Amino acid sequence: MAGCRHRVVHRSRYELGAAGAVACRLEVHLTPRALPHQTVEFHQLVVRPLPTSRRLEEDAFGNRCARVEIGGRFGAVEVTALSVVRLGEEEAGGDGDLGHDWRAATERTAAAASEDPALRAFVEGTARAPRSAAMAEYARGSFQEGRPLGAALEGLVARIRRDFAFDPGATTADTGLAAFCELRRGVCQDFAHLAVACLRSVGLAARYVSGYVAGSAAAPSRASHAWASVWLPSGGWHDLDPTEGRLGATGHIVLGYGRDYEDVAPIRGTAEGARGVRLRTAITVAPAGSD
């Protein structure tokens with residue numbers, strides 16, 4: 001597949017305190033997905049100290065997940081994911097759905113979800129991206145009667161971008177949607193959760209996407225990213241990035257799909273015996289050069 005190659009380095013270091021730890025268990029979602037427009041040419045996951053147990057499996061959403069166990073006494077754990085990913089052009093699809101009344105999409109979504117438990121998981125609300133009257137009310141500012149689905153989606157991402165400010169210091173991974181809506185500021189995962197919650201609340205199927213923005217040689221990307229994706233009855237899934245205020249995710253590298261952040265958190269786990277855990281993360285995404 002022709003396209004641009006990008007090198008991703010994602011390094012996380014957990015300082016566990018002077019007492020060290022006697023057991024550490026990690027769940028790692030840092031393997032980019034193999035997709036029609038995305039080829040993983042290289043991937044390596046390096047964990048220090050050396051794990052006592054390590055296995056790679058596929059989760060319920062088709063993401064690659066590494067489960068790591070480390071035994072002994074140590075003061076820090078470092079996880080580094082190195083990847084080379086080639087991005088091609090995404091296939092266009094679902095134009096018919098985007099041009100039709102958005103309510104037609106909700107009716108077909110409901111019918112499909114009643115027969116498909118996997119799709120139904122993306123229609124039902126979660127704690128981080130709930131279906132609610134408040135979310136439906138906010139969404140209806142864009143999903144007006146008779147409006148084409150594509151125009152409604154464009155309106156929603158534009159409103160979220162206008163009404164909420166991107167502020168890396170305003171929220172954390174544990175900040176809920178209600179707090180974000182009150183603050184009116186947060187990070188990309190908050191924007192993605194809001195979009196997903198709005199789409200579900202008007203009757204559409206929506207998923208949370210974890211990944212990166214592909215940087216340039218002059219300006220490498222130095223953070224992870226999250227956006228949303230909506231199911232189209234005749235054309236698979238269609239991305240929307242509320243943080244950037246646009247439809248599509250051209251130039252984005254996909255790590256995983258889930259109902260919300262909980263399903264695809266880059267790294268999560270426990271460390272028995274740790275005191276005052278501190279995390280430092282360094283990410284670089286930049287062109288990997290020509291063939």
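Strand β9 (residues 206-213) runs antiparallel to β13 and is joined to it by 6 bridges. Strands (E, at least two residues) and helices (H or I, at least four) are DSSP runs, numbered from the N terminus, and two strands pair if DSSP finds at least two bridges between them. This is a predicted model: local features need pLDDT of at least 70, side-chain atom pairs count only at pLDDT 80 or more, and totals for chains, interfaces and linings use all residues. Residues are numbered from 1 along each chain as its sequence is written, and side-chain values use heavy atoms, with hydrogens and water left out.

**Sheet**

- The open sheet has 5 strands in the order β12-β11-β10-β9-β13, with antiparallel pairing.
- β12 (246-247) and β13 (252-258) are at the edges with a single partner strand each, so one side of each has no neighbour in the sheet.
- Helix α7 (residues 188-201) packs on the sheet and touches β9, β10 (224-232) and β11 (236-241); contact means heavy atoms within 4.5 Å.

**Largest pocket**

- The lining of the largest pocket consists of 41 residues, and Ala173, Gln189, Ser224, Tyr261 and Pro266 lie nearest its centre.
- A pocket is an open set of points on a 1 Å grid over the protein atoms alone, where a 1.4 Å probe fits, with protein on both sides within 12 Å along at least five of seven lines; lining residues have an atom within 4 Å of a point.
- β14 supplies 5 residues, the largest share of the lining of the largest pocket.
- Elements that each supply at least two lining residues of the largest pocket include α7, β9 and β10.

Note on methods. Axes are lines fitted to C-alpha atoms, for helices over the stretch in contact, and angles run from 0 to 180 degrees between N-to-C directions.
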